[in-house]
Amino acid sequence: MKTKCSTFILPLLIALNCICKAQDSPQKSYTEQYRPQVHFSPAGHWMNDPNGMVYYNHTYHLFFQYYPKDIVWGPMHWGHAESKDLIHWKHLPIALYPDSLGYIFSGSAVVDSNNTTGFGKNGKIPLVAIFTHHDPKGEKEGTDKFQNQSLAFSLDGGATWTKYSGNPVLKNPGVRDFRDPKVMWYAPEKKWVMTLATQDHISFYSAPDLKNWKKESEFGIKAGAHGGVWECPDLFPLKLGGKTYWVLIVNLNPGGPNGGSATQYFVGDFDGNKFRPLDSNTRWLDYGPDEYAGITWSNTGSRKIFLGWMSNWQYANQVPTKAWRNAATIPRELSLKQSKGQILLASKPVAELKNIEEKTIVLKQPVVNRSLDLTSKIKNLKSRYVLKLSFATLKDYSIRLSNTKGEELLMGYDPAKDEYYIDRTKAGKMDFQKNFSGRFTAARLSTAKNSDLTLVVDKSSAELFADGGLTTMTAIYFPTEDFNNLAFKTTGKLTIDNISISGLKSIWK
């Protein structure tokens, strides 16, 4: 049976490899309507979760859920790109293809510096990918054991990958949703720890060698949001005031704060066996409709860099793009902050984004007397820029992006409800999915009198970071022509301490 299977599959995979390598080649330019110019997106076809993100040899590797034959979800591969600066990306050949054990679902990658796996040869340090094998045949047959964890390794810095002959290394005990392993090295006990999504909670496993796993504990059955299945977890330490806390990220679909998929998190302690949260409250890393499946790069030391998928499972297969579907968020640096008696996770665009800024305009203490039109300041920026605001005293305001067709995207702060919002009810095409239109809100998590806002605008997306990144929102939109108008509005008079607008160079040119 094995020989027959190999005889059939090997030529097929070789043929697919040739096709997919050709399809994965970057286009000469990313000029299609709606194409992000400063966010990662595949040259063509379907993309969802970021996977296997690892930093090695001065290079950031990004793998991602990829279907190279269509712009809708299909049999999952690991697409591959790399970057030296988190901003400019080089497309590489597909890293992992489906095989006899199933599709290649989400997972992570680590640098096995001590060669605990034994994969390293001749002094070469192995990179090891830990991923979910999803068996569509088993799923169709109705078994609950169709998702298992497997390994692949690279001895050439991530350029090529070999699947481990002993796969799977962690077999499913009978849990229907048993996937998305995020692995880290736990130095105090010299072991690898796997954070795994198991239906509506998290299971922790450990292994000395990435091969022989034992279950440590579970978390989350009675904590956080449970509107849908838990997916794509992450576990890492961050310091605040000299003290180390552990952050557990859990992606959820559906059940997000504004509908569909979203990313929640917990702050607590981890001792190598159990995660203990400071409380069981629900907290969201991003309140917008379009950040999901986000995790962090491994091997970056104390710096934690987060990347999400910039879409929502409610409509990801239907958005009106033609050559490709979906993109990643701007990479974000995570930190802990204290506010309202809580320890919260804050995010901000990585500092490297400044490297593509150009044509910065600064306005000192402009006064908004009901409205302030800044269209002339962005008319040559091709609908991609960073807008930064600072307020000595926060009052109501709205930011309006619009075009000559009467379409608009509204973002701002509502003091009566003490919340930020993004309103895309008039932002262009909506008819592809009933849940796309909407006004999305996020609680203000700061109590400070002053405030700041960073807004990253890129062709068909906006990412809002308020109050030092305590409140974050991401939304995509599809206007029939670019939003080349920019205006502020307020109910009375508002003095803004500082406005800066910086154009962003395309990362694809």
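User: What is the mean pLDDT of the protein, and over which residues is the pLDDT below 50?

Analyst: This is a predicted model, and 94% of the protein's residues reach a pLDDT of 70 or more, with a mean of 93. Where pLDDT is low, predicted coordinates should not be read in detail. That caution applies to a stretch that has 29 contacts in the model beyond near neighbours in sequence, although its pLDDT is below 50: residues 1-27.

User: Which strands stand at the edges of the six-stranded open sheet, and why is one side of each left without a neighbour?

Analyst: The pairing in this sheet is antiparallel, and the strands follow the order E23-E34-E25-E30-E31-E32. From one strand to the next, the twist averages 10°. Each edge strand has a single partner strand, so one side of it is left without a neighbour in the sheet; the two concerned are E23 (357-364) and E32 (471-476).

User: Which residue is the bridge partner of Ala466 in E32?

Analyst: Strand E31, residues 461-466, runs antiparallel to E32, and six bridges join the two. For Ala466, the bridge partner in E32 is Thr471.

User: Is Phe146 buried or exposed?

Analyst: Phe146 lies in the loop between helix H2 (136-141) and strand E7 (147-154). Leaving aside residues up to four places away in sequence, Phe146 touches His133, His134, Asp135, Gly138, Glu139, Asn172 and Arg176. Its relative accessible area is 3%, and because the cut-off for burial is under 20%, Phe146 counts as buried.

User: What is the geometry of the aromatic pair formed by Trp73 and Tyr103?

Analyst: Among the 35 aromatic pairs that the structure holds, this one has its ring centres 6.3 Å apart and an angle of 65° between the planes, which is edge-to-face. The pair links distant parts of the chain, 30 residues apart, with Trp73 in the loop between strands E2 (59-67) and E3 (77-83), and Tyr103 in strand E5. Trp73 itself is partly exposed, at 34% relative accessibility. Since planes over 60 degrees apart meet the cut-off, the geometry of the pair is edge-to-face.

User: At what angle do the planes of Phe178 and Tyr205 stand?

Analyst: Phe178 in strand E9 and Tyr205 in strand E11 are 27 residues apart, and both are buried. Their ring centres are 6.4 Å apart and the pair is edge-to-face, because the planes stand at 90°.

User: Over which ring does the charged end of Arg35 sit?

Analyst: Ring pairs join Tyr30 to a cluster that includes Phe40, Tyr55 and Trp508. The charged end of Arg35 is 3.8 Å from the centre of the ring over which it sits, that of Tyr30.

Terms used: Residues are numbered from 1 along each chain as its sequence is written. This is a predicted model: local features need pLDDT of at least 70, side-chain atom pairs count only at pLDDT 80 or more; totals for chains, interfaces and linings use all residues. Side-chain values use heavy atoms; hydrogens and water are left out. Two strands pair if DSSP finds at least two bridges between them. Helices (H or I, at least four residues) and strands (E, at least two) are DSSP runs, numbered from the N terminus. Axes are lines fitted to C-alpha atoms, for helices over the stretch in contact, and angles run from 0 to 180 degrees between N-to-C directions. Buried means under 20% relative accessible area, exposed over 50%, partly exposed in between (1.4 Å probe, protein chains only). Contact means heavy atoms within 4.5 Å. pLDDT is the predictor's confidence in each residue, from 0 to 100. Rings of Phe, Tyr and Trp (its six-membered ring) pair if their centres lie within 6.5 Å; planes under 30 degrees apart count as stacked, over 60 as edge-to-face and the rest as tilted. A charge sits over a ring if NZ of Lys or CZ of Arg is within 6 Å of the ring centre and within 35 degrees of the ring normal.
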